[in-house]
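Here are a few exercises to work through with the model open beside you. Try each task before reading its solution.

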Amino acid sequence: MTTATAGPAPEIERIVVVGNGIAGQTACDSLRTAGFTGHLTIVGDEPHPAYSRPALSKALLTAGGSHELPAPTHGATELLGVAAVDLDVTARVVRLEDGTELPYDGLVIASGTRPRPLGDGALVLRTLDDALALRERLADRPSVAVVGAGPLGMEIASAAVQAGCEVTVVADVAPMRPQFGPYLSELFTTAATAAGVKIVSGTATGHDSGTVTLDDGSRITADLVVAAIGDLPNVEWLRDCGLLTDGRLVADARGRVAPGIVAAGDVVHLPIRGTVRRSPLWNSAIEQASVAATALLRGDDAPEYDTDPYFWTEQFGLHLKAVGHLPVEGEPEFLVGDDPLGPALLHWRHPDGAGVAVAINHRIPIPKLRRAATTGQPPGPARTAG
């Protein structure tokens with residue numbers, strides 16, 4: 001009888017992981033931890049070893065900080081700089097763009113996303129090469145127009161301000177309001193405008209030669225245009241395999257898509273708090289991959305994905321860490337401090353009872369932040385971020 005500590009089923013001898021981001025790497029590590037000793041192959045469309053994607057719009061973009069991850073110890077065969085282009089579920093084969101065919105007994109889909117394009121000449125930020133190219137351009141202090149006012153767009157705007165650039169942000173809604181809610185949106189918008197960012201309300205309809213056209217017909221011209229208008233899941237290679245539902249890759253709460261196939265990370269829709277949606281966050285990808293890898297080997301004995309997400313951002317002198325489901329509505333309760341600019345620990349309670357804890361310029365460990373989200377109680381004295 002299979003138990004929660006049993007090893008992999010004997011028929012699973014070859015596992016292919018498509019995607020060399022943190023979800024793919026975590027899946028490999030989790031498979032080994034769960035006892036899989038067979039052949040493991042990981043496929044990545046970038047030529048670089050796996051790296052920290054959050055660092056690209058933060059430390060790497062502003063100060064050349066490290067984006068490197070520890071060298072993997074899972075022993076997988078790495079096929080880098082080559083993309084998966086087709087999946088044959090019946091034959092259990094993944095086909096790559098160079099003609100390679102990879103037979104598998106188990107498959108982990110972690111192919112991630114790509115930026116939604118704006119138009120010719122607009123830069124995007126998703127890959128290491130994107131970040132290095134953008135950092136090089138910012139060094140010349142061009143005027144910058146950032147299209148999109150989500151966390152990524154605002155982090156790019158913050159980096160451009162630090163580089164000495166004149167910055168305009170095109171926002172179809174208040175900056176980060178859909179992600180954070182009105183209270184935190186206003187806090188960060190105030191910090192951005194105080195730093196000199198000009199925020200223009202409108203929706204970009206196109207870009208050509210440094211000119212962004214808005215839906216009201218107005219135009220914004222800048223030396224450098226960066227698009228941060230969302231992402232698109234990389235599911236084109238799955239279009240003929242029968243796994244997609246209305247163009248989406250949908251999994252159950254254990255990340256299972258089909259027999260012998262699981263998915264994790266930005267590419268997959270999962271049941272979360274009563275809805276089926278993506279959770280494109282770094283820590284969510286790690287947690288999903290751990291669950292999915294275990295489910296691939298142990299089926300129903302694996303735990304379900306059910307965790308409060310963790311998110312963090314640094315911009316305009318504010319360092320935010322959050323545990324719980326954002327956005328939040330209304331005014332917070334202050335668990336630490338009385339100034340939202342920090343050091344402060346804020347708490348909200350959703351109508352269903354779920355808590356959200358947000359630390360601003362407060363050096364609180366993640367486990368304590370999680371407990372604060374659940375209990376609504378302060379963890380201890382505040383310490384100023386440094």
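**Exercise 1.** Work out how many residues of β24 are buried, and which strands pair with β24.

Step 1. Start with burial: 5 of the 6 residues in β24 are buried, so this strand is mostly covered. Buried here means under 20% relative accessible area, exposed means over 50%, and partly exposed is in between (1.4 Å probe, protein chains only). Strands (E, at least two residues) and helices (H or I, at least four) are DSSP runs, numbered from the N terminus. Before going further, note that this is a predicted model: local features need pLDDT of at least 70, side-chain atom pairs count only at pLDDT 80 or more, and totals for chains, interfaces and linings use all residues. Residues are numbered from 1 along each chain as its sequence is written, and side-chain values use heavy atoms, with hydrogens and water left out.

Step 2. Now look for partners. Two strands pair if DSSP finds at least two bridges between them. Strand β23 (residues 310-315) runs antiparallel to β24, joined by 6 bridges.

Step 3. Check the turn. β23 and β24 make a hairpin with 2 residues between them, and F316 in that turn has a positive phi of about 50°.

Step 4. Then find strand β27 (residues 355-360), which pairs with β24 over 4 bridges, again in the antiparallel sense. Here K321 sits opposite A359 in β27.

**Exercise 2.** Find the strand order of the 6-strand open sheet, and say which strands stand at the edges.

Step 1. Walk across the sheet: the order is β3-β2-β1-β7-β20-β19, with mixed pairing.

Step 2. At the edges are β3 (77-80) and β19 (256-258); each has a single partner strand, so one side of each has no neighbour in the sheet. Ignoring direction, neighbouring strands are turned by 20° against each other on average. Axes are lines fitted to C-alpha atoms, for helices over the stretch in contact, and angles run from 0 to 180 degrees between N-to-C directions.

Step 3. Strand β2 (residues 39-44) runs parallel to β3, with 4 bridges joining them, and T41 is opposite T77 in β3.

Step 4. Contact means heavy atoms within 4.5 Å. Helix α1 (residues 22-33) lies across β1 (14-18), β2, β3 and β7 (106-109), at about 175° to β2.

**Exercise 3.** Where do S209 and D246 sit, and are they buried or exposed?

Step 1. Recall the background: most residues other than glycine have a negative phi, and most peptide bonds are trans.

Step 2. S209 has a positive phi of about 50° without being a glycine. S209 lies in the loop between β12 (204-208) and β13 (211-214), and at 66% relative accessibility it counts as exposed.

Step 3. D246 also isn't glycine, and its phi is positive, near 50°. Look for D246 in the loop between β17 (244-245) and β18 (248-250); at 77% relative accessibility, D246 is exposed.

**Exercise 4.** Locate the cis peptide bonds from L326 to P327 and between G342 and P343.

Step 1. The L326 to P327 bond is cis, with omega near 5°. P327 is in the loop between β24 (318-323) and β25 (333-336).

Step 2. For G342 and P343, omega is about 0°, and P343 is in the loop between β25 and β26 (344-349).
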